[in-house]
Amino acid sequence: MNTPLIIFFVLAFTAILGALSLILQRHPIHSALSLIVVMVALAGLYLLMGAEFVAAVQIIVYGGAIMVLFVFVIMLLNAGVEERTNFSKLAGWAGLPLAVALMGVLAAAVARSTDRVQAVTQAGATAPTKALSVLLFQEFVYPFELTSFLILVAILGAIVLAQREKI
Amino acid sequence: MVPTHYYLILSAILFGLGVVAFIFRRNIITIFMSIELMLNAVNLAFVAFSQAWNRLDGQVFVLFVIVVAAAEAAVGLGIIILIQRNRQSLNVERVDLLKL
């Protein structure tokens with residue numbers, strides 16, 4: 001067994017454990033910390049695939065900014081252990097089998113979709129950050145500028161939603 | 001070299017776990033975090049396909065998904081603060097004004 005495969009299985013196991021912990025923890029702050037574990041493991045997988053810039057953005061934006069926002073809101077609202085209410089009958093009976101079926105169908109579909117691709121894959125197919133930035137700022141420059149408007153609107157929306165009294 | 005379909009199966013598993021969390025959790029913040037988990041799973045599939053085809057478009061899409069997730073988190077958490085202020089509860093079963 002070669003080294004990348006071992007690293008992959010360690011990181012994949014960590015990610016799945018984190019996701020399971022997200023489901024099973026009763027307290028939201030524990031779920032948030034489990035989600036951070038998943039995100040760091042995924043950043044490691046991106047590094048393994050040679051996507052250094054995406055790995056860095058994953059750590060800084062997802063693991064840093066977004067999760068800090070989540071933890072901040074959990075602490076701001078003083079969210080405790082989630083209370084048990086009477087469970088939806090439909091979700092209880094059909095939810096888990098359907099979710100497992102969805103997982104299986106997705107895994108089968110995406111795993112089969114790479115059969116044609118395997119021949120194209122080559123070892124050392126790295127993604128240099130320079131080529132990524134050239135692509136981002138030439139071919140995708142209009143979507144990139146549109147995202148700045150999206151962020152602006154989101155900031156305004158967050159301020160309007162969270163303010164206590166009308167301006 | 002790890003085969004691409006290993007990454008895709010991991011992505012499907014993480015997405016499915018996100019769906020399970022979305023269905024079974026009652027706390028609105030945890031439900032919101034399970035949406036982030038599903039977005040992360042899709043990002044993993046994007047990067048895996050990007051590596052498989054040896055093209056960088058997939059990684060650019062991942063950057064856009066992260067930007068949209070950040071905007072969604074900002075607005076969504078504002079809505080959660082509003083729900084807590086109006087209902088004094090984070091349980092989704094207590095937000096049932098539209099329910100018959």
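## Basis for the exposure classes

A residue counts as buried if 20 or more other C-beta atoms lie within 10 Å of its own, as exposed if 12 or fewer do, and as partly exposed in between. The structure discussed here is a predicted model.

Most residues other than glycine have a negative phi. Asn54(B) lies in the loop that links α2 and α3 of chain B. It has 13 other C-beta atoms within 10 Å and is therefore classed as partly exposed.

Gln88(B), likewise not a glycine, has a positive phi of about 55°. This residue belongs to the segment that follows α3 of chain B. Gln88(B) has 8 C-beta neighbours inside 10 Å and so counts as exposed.

## Overall form of chain B

Chain B contains 3 helices and 0 strands, and its pattern along the sequence is α-α-α. Its radius of gyration is 17 Å, well over the 13 Å that the globule rule gives for 100 residues, so chain B is more spread out than a compact globule. The C-alpha trace spans about 50 × 25 × 20 Å along its principal axes.

Of the 100 residues in chain B, 53% are buried. Among the contacts of chain B with a separation of 6 or more, 50% are between residues 24 or more positions apart.

## Packing of α2 and α3 within chain B

Helix α2 (residues 28-53) and helix α3 (residues 57-87) of chain B have axes that come within 9 Å and cross at roughly 175°. Angles over 145 degrees count as roughly antiparallel, and α2(B) and α3(B) are therefore roughly antiparallel to each other.

On the α2(B) side, the residues making the contact include Ile28(B), Ile29(B), Phe32(B), Leu39(B), Phe46(B) and Phe49(B). On the α3(B) side, they include Phe61(B), Val62(B), Val65(B), Ile80(B) and Ile83(B). By class, this contact has 14 nonpolar, 5 polar and 2 charged residues; Glu36(B) of α2(B) and Asp57(B) of α3(B) also take part.

## Domains of chain A

The domain assignment of chain A gives domain 1, covering residues 1-80, and domain 2, covering residues 130-167. The C-alpha centres of these domains of chain A are 24 Å apart.

## The interface between chains A and B

At the interface, 72 residues of chain A are in contact with 62 residues of chain B. Helices α1 (3-24), α2 (28-48), α3 (52-76), α4 (89-113), α5 (129-138) and α6 (141-162) of chain A each give two or more residues to the side that touches chain B. The most comes from α4(A), with 11 residues. The side of chain A that touches chain B divides into 61 nonpolar, 9 polar and 2 charged residues.

One helix pair that spans the two chains is α3(A) with α2(B), whose axes are 12 Å apart and pack at an angle of about 175°. That angle makes α3(A) roughly antiparallel to α2(B). In this pair, Val54(A), Ile66(A), Phe70(A), Val73(A) and Ile74(A) of α3(A) meet Ile29(B), Met33(B), Glu36(B) and Val47(B) of α2(B). These residues divide into 8 nonpolar, no polar and 1 charged. Ile29(B), Glu36(B) and Val47(B) also belong to the contact of α2(B) with α3(B).

Conventions: Residues are numbered from 1 along each chain as its sequence is written. Chains are lettered from A and ligands numbered from 1 in the order in which they are written. This is a predicted model: local features need pLDDT of at least 70, side-chain atom pairs count only at pLDDT 80 or more; totals for chains, interfaces and linings use all residues. Domain bounds come from an automatic or database domain assignment. Two residues are in contact if their C-beta atoms, placed from the backbone, lie within 7 Å. Helices (H or I, at least four residues) and strands (E, at least two) are DSSP runs, numbered from the N terminus. Ala, Val, Leu, Ile, Met, Phe, Trp, Tyr, Cys and Pro count as nonpolar, Asp, Glu, Lys and Arg as charged, and the others, Gly among them, as polar. Axes are lines fitted to C-alpha atoms, for helices over the stretch in contact, and angles run from 0 to 180 degrees between N-to-C directions. Angles under 35 degrees count as roughly parallel, over 145 as roughly antiparallel, 65 to 115 as roughly perpendicular and the rest as oblique. The radius of gyration is taken over C-alpha atoms; the globule rule is 2.2 Å times the number of residues to the power 0.38.
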